[in-house]
Amino acid sequence: MKKKILYFFIFSFIFVGCKQEISNRELHEKYFDKNIERCIDVLLTAGYDSIQAKEICSCAMDKAFSIDSSYMKMNVQDFSDFIRLIRSIKKTIPTDSL
C-alpha cells in the first residue's frame, strides 16, 4: 500500500511538473477574436465604419504581437507603457510601413 501511495505522488509530481505552459503564439490566437471585438467596439463608438474598425484592430493586434510576443502576459501598467511606446514609434515611422 505504501508503494502505491509513493508511486501516486511521484507520478503526480512528474505530471504537474511536465505540464506545458501555453506559448505566446497560442495565447495570442486564443484571445485574438475576443480582443478584436473589444477593439472594434471602441472604434465604432469613436465613429469608425465596422469593416475599417476590424482591419485596424486586426492589424494592431498583429503588430503588437510582432513587436513583443509576450504582450498578452503584461500587467496593466506594462501594457499601457507598451501601447504608448507603439504610438510613439508610429509617429516616427511612415504610415505605409506599419
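Which residues make up the largest nonpolar core? In this predicted model, local features need pLDDT of at least 70 and side-chain atom pairs count only at pLDDT 80 or more, whereas totals for chains, interfaces and linings use all residues. Residues are numbered from 1 along each chain as its sequence is written, and side-chain values use heavy atoms, with hydrogens and water left out.

The chain contains four helices and zero strands, where helices are DSSP runs of H or I with at least four residues and strands are runs of E with at least two, numbered from the N terminus. Of its 98 residues, 14% count as buried, a term that denotes under 20% relative accessible area with a 1.4 Å probe, protein chains only.

The largest nonpolar core consists of 11 residues, namely F32, I36, I40, L43, A53, C57, M61, A64, F65, Y71 and F82; such a core is a set of buried Ala, Val, Leu, Ile, Met, Phe, Trp, Tyr and Cys residues joined through side-chain atoms within 4.5 Å. Two or more residues of this core come from each of α2 (24–45) and α3 (50–67), and α3 gives the most, with five residues.

Y71 is located in the loop between α3 and α4 (76–92), and Y71 counts as buried because its relative accessibility is 4%. When neighbours within four places in sequence are left aside, Y71 is in contact (heavy atoms within 4.5 Å) with H28, M61, A64, F65, F79 and F82. The C-alpha atoms of Y71 and F82 are separated by 8.0 Å, the two residues being 11 residues apart along the chain. A64, with residues up to four places away in sequence not counted, touches Y71, F82 and I86.

Key: Buried < 20%, exposed > 50% of the residue type's maximum accessible area, 1.4 Å probe, protein only.
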